[in-house]
Amino acid sequence: MKLVPLGDRVVLKQLVQEETTASGIVLPGQNKEKPQQAEVVAVGPGGVIDGKEVKMEVSVGEQVIYSKYAGTEVEVDKETYIIVKQSDILAIMK
């Protein structure tokens, strides 16, 4: 199954957070927060949303940082994705 976002929505897949630090210290699982970095998997067409023209600024394959409590988690084919509005994306990592 394939997710196709509508309007100004973007489908993200969270990046896997490092389990160890650069110096080799293993981080315990229960103390980790959900990462706010993700890769863009699919982008909606944009267009006129609520009477305003919305141009999509992100593209598939880019890594982004999104708002902490943004989006809706969905599971497709045993993979977890997050669907967010483009306005919930804070930055593109280059």
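Here is a short walk through the structure shown above, from the whole chain down to a few single residues.

What you're looking at is a predicted model, in which local features need pLDDT of at least 70 and side-chain atom pairs count only at pLDDT 80 or more, while totals for chains, interfaces and linings use all residues. Residues are numbered from 1 along each chain as its sequence is written, and side-chain values use heavy atoms, with hydrogens and water left out.

Let's start with the big picture. The protein chain has 0 helices and 8 strands; here, helices (H or I, at least four residues) and strands (E, at least two) are DSSP runs, numbered from the N terminus. Read from that end, the elements go β-β-β-β-β-β-β-β. Of the 94 residues, 26% are buried, where buried means under 20% relative accessible area, exposed means over 50%, and partly exposed is in between (1.4 Å probe, protein chains only). The chain exposes about 6,600 Å², with carbon and sulfur atoms supplying 52% of it; such areas come from the Shrake-Rupley method with a 1.4 Å probe, and for residues only the protein chains shown count as cover.

Now for contacts, meaning heavy atoms within 4.5 Å. Take those in the chain with a separation of 6 or more: 64% of them involve residues 24 or more positions apart.

How do some of the strands line up? Two strands pair if DSSP finds at least two bridges between them. Strand E1 (9–14) pairs with strand E2 (residues 37–43) in the antiparallel sense, over 5 bridges. E2 is also joined to strand E5 (residues 63–66) by 3 bridges, and these two run antiparallel. Look for Ala38 in E2, which stands opposite Gln14. Over in E5, the bridge partner of Ala38 is Val64.

Next, find Leu3, in the segment before E1. Leu3 counts as partly exposed because its relative accessibility is 23%. Leaving aside residues up to four places away in sequence, Leu3 touches Val11, Ala42, Val74, Val76 and Tyr81. Leu3 and Ile83 are 80 residues apart in sequence, yet their C-alpha atoms are 9.5 Å apart in space.

Finally, hop to the loop between strand E6 (72–76) and strand E7 (79–85), where Asp77 lies. Lys78 has its place in that loop between E6 and E7 too. Most residues other than glycine have a negative phi. Asp77, though, has a positive phi near 50°, and the phi of Lys78 is positive as well, near 65°. Asp77 is exposed because its relative accessible area is 53%, and Lys78 counts as exposed because its relative accessibility is 77%.
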